[in-house]
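Okay, thanks for coming, everyone.

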Amino acid sequence: MDKILEALVSSSHPLTVKRAIVKKVMEAAEKEVTEEQCQALYHLTTRLILQGEDAFQRQVGLQVQEAYARYHRDEFARFFSKEFVLGLLQQGYGSLDCRDPAILDFLHSSLRLLISCPAVLELAPLLQTEVLRIICERPEPATCAKLATILTDFPQCVPREKAGVLFCQQLVRTFAYFNCPATEERELREYVTQVTRVSVLLQGIWKAEPATLLPSLQEVFAIISSTDPSFEPSIALASLVQHIPLQMITVLIKSLTTDQNVKDASMTQALCRMIDWLSWPLANHVDTWVIALLKGLAAVQKFTILIDVTLLKIEQVFNRLWYPIVRQGALVVLSHMLLSFQHSPEAFHLVVPQIVPLVKSLKNDGLPNSKTFLLQFAELVHCMMYQYSGFPDLYDSILESIKELPKPNEEKIKFFLNQSAWTSQSNSFASGLLKITGKSETGKTGLVNLGNTCYMNSIIQILFMATDFRRHVMSLHLNGSNTLMKKLQLLFAFLAHTQRAAYSPRSFLEGSRPPWFTAGSQQDCSEYLRFLLDRLHEEEKTLSAFQVTSPKPEPATTSAETLNNAASQPVADMPLHPEPVAAKGDGRTLVERMFGGRLSTAIRCLQCHSLSEKEEPFTDLSLAFCPSMSKCHGPNDEHKSSSSVGPCQGAVNGGSESSEGSVKEGAGTRMERPVVEPTLSVPDLVDYFLAPEILENENCYFCERCASLQRAEKVMQVVAAPEYLILTLLRFSYDATCHVRRKILDNVGIPLHMSLPLRQHGISVTSSSSDSPESGENLAKKLKPSQKEDGMTENRTNMPYVLSSVVVHSGMSSESGHYYSYGRNVSNTDGYVVHPSSKSLESSSLSESSTASQEEMGCADHKSTDWFLFNDSRVTFTNSESLRNVTGRFPKDTAYVLIYRKQEVSGQPSNPGPVVNGSRLSGEPPLQKELMDAITKDNKLFLQEQELNARARALQATSASCSFRPNGSDDNEPPGSCGPSGGGGGGGFNTISRLVF
């Protein structure tokens, strides 16, 4: 019979004839056949099945073998012996390798023919040994899938006891070697099916033999925690996660996170690879396990791992949102990672550029679940922008893209943030410095936040953007000194020339921090600016006084260029040497020349008309909010803050606001307000500051001529305008009821150009024998008098100013929130030239409408890219429109400190910048050798850090390559501090450790 069948399948007869004869051969199986004939047929059909030339021959082999095995099972059992099976699995068959999938297919079909035969039990021990051997050889997914099918159908062939534990561990390790180079969808689907089949086998073994589960999971962790750079395990391991009982999460995570033998580098690697598993299409519960491990690490305060993994993987997790099949799990993990990363906006800002494209895609992809997903995603984005307010340049386009979607209320946002916060925000909860990168496209350098030092960073940046002041500072010859001015000069030099994206101003912080400022706590930037300028001023005066009483040292070197500079440069612009330097013959310091003005206070008794006048210097004007301005808004009152404004006065050179001169904010103040045009402007506040006042009732003036308290009129006038006019808006008021300082959220218009009324010189004023009271006395009212009499109101001229920089406070109180600043380079000729007018002015400063008209009259306006936004280590291009609309878009972000640069007035002397060879510098002064050496040394260090960082990444040492901690007294930031990465609003939280940025 075997000879007939062999001749038939190789003959040239038609297929119909062949099939008819094969049918006859199969029918003959029902008849009695000798042992020898059966064995011959089994050998023939085996050869046809495994080595058939075409599909017909293989099909004939299967059909005939199955027919004869059904009726002659004992003979087939003797054919399919241990020796035969062992030879197939170890040596193959003919030209077929033992690993060929056809061998396993034949084995499977043969076992099915013996399914109820005792021969299977006899073969089981052999197959248990062989499948363990095959798995240890790391076969391909297709081979593993066929083995899994065999073992699923014949569980008696699965290794038992110790061998079973070893088999599961080796099968897990084999998973780690799976890979799928295919790119076609059909091949990818086949690969996923194969992996799923093997994972189902493991699930069955774990259920049947629970003792194999824990060793298998230990093997999984050993694989994914490996730091061997030459081995990257397959994400096919993700298919196993869905089969791990969820009841084991708590025990397993606790065991992993508290095991002292698990190094941070291994844990970091394991967590990163688990996050990679989010890409596996059919795995369930991966997000559950990832979040459980994140929470477990937070519970044991392993924040370094959390920080490094978040910064390393947050963009990859976000990218998974583009794929609908894994989108939902990725969003769950992304939400937890972002909402728990509350000490810095760095993680959120890594994904900000991708938000708008994703939103557009979700709106247009037409999938049924995209709308629901978009609502969830928009909710997350709103939470993050609330947490890290203070970045209008980043968020404007995002707000525009999700404006139609519902926004969660404040309570819901706080709940999400509080629920996801890392369980313990201890002093170790701090990121390192920024990842080493190049400068931003602006070419400007940011400042690293050293722990709630955004108040200092914003002030340094606006002083740096004061072009003429910066050039004077950089022109000073301070070699060998250790003064604060020298530290400022070095800091300015680094901001201008370092290759770093952000510079750490630790030395300047330690030298300039007021003694009463607590390290690591948020402070008032206006108070810091006032203290800094006063320190610089007093330091220069002290040095000058010391040099007057000491022999004048000879300079070490005197170059021809220095002599030329000295001969051609005005005295006011000479560099600051250790010896005293007079400015325009009056001995003023650099701070006085740049920021100093003079304010005249005149008080006239309304009874005897005697006049007392006193002049005082100032470096900034503190502008209070006028009560009458709040009452005259008319129809727009509903858009105002619910604060009631009391009588107030801006103190010149004052450190803080008094309770009498404050704005009390009601308990019902809303944090979110409609976007409206500002009803107040900076010129309005200047007008109010300079408006005449009537002193009466309990504030009557004591007139020495009358020898009694009398009603009087008080007038304040600027008699000397500073080169840089610093204006502080008194937004923080003291609430005597609650004993806290609150913030005035009124939107104040910021004109790019304004004028400061200046009293003309040469007007004689009669003074009484006594001086006026101090300017800080309590005033009841400020009212314009009905008549202006001679001696009190004089002709005034308008001094033009152009906006140079603005510090914005984002938050709800002076003790919390975040400072960032806008700035541009302007000098005293960058705006417009005004011809003086002797006309007496009723209004002191230009309104915004008149400012707009001036800008239309051909003034030298700046390009949009002339403005920069400084936000700690981040520097970006922005424009004046963004600055002027910032409070309208983000109600917690309000202008606080403004600097205006005085413009040239025809016919009046100007105060130019440093002069070289008789001409004013249009650029930065050349760097002195000492400064150049310091910058060169640091830039070399920067390049070394880049090289080390690249090597670290190549070695996958993620636990050490992402960040390093600076040394110093401010290393340990308080909970929720700005952190060295900087940024983040977060003001107004009371439930999350008073987040301060």
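**Two helix pairs**

Let's start with helix α16 (residues 286–299) and helix α18 (residues 327–340), which pack at an angle of about 15°, with axes 9 Å apart. Before I go on: this is a predicted model, where local features need pLDDT of at least 70, side-chain atom pairs count only at pLDDT 80 or more, and totals for chains, interfaces and linings use all residues. Residues are numbered from 1 along each chain as its sequence is written, and side-chain values use heavy atoms, with hydrogens and water left out.

Helices here are DSSP runs of H or I, at least four residues, numbered from the N terminus. Axes are lines fitted to C-alpha atoms over the stretch in contact, and angles run from 0 to 180 degrees between N-to-C directions.

So α16 and α18 are roughly parallel, the word for angles under 35 degrees. Their crossing is right-handed, meaning the near helix is turned clockwise from the far one by less than a right angle.

Who touches whom? From α16 we have D287, V290, I291, L294 and K295, and from α18 G329, V332, V333, H336 and M337; contact means heavy atoms within 4.5 Å.

Now the other pair: helix α3 (residues 35–51) and helix α7 (residues 101–113) cross at roughly 140°, their axes coming within 10 Å. That makes α3 oblique to α7, the label for whatever is left after under 35, over 145 (roughly antiparallel) and 65 to 115 (roughly perpendicular). This crossing is right-handed too. In α3, T46, I49 and L50 meet A102, I103 and F106 of α7.
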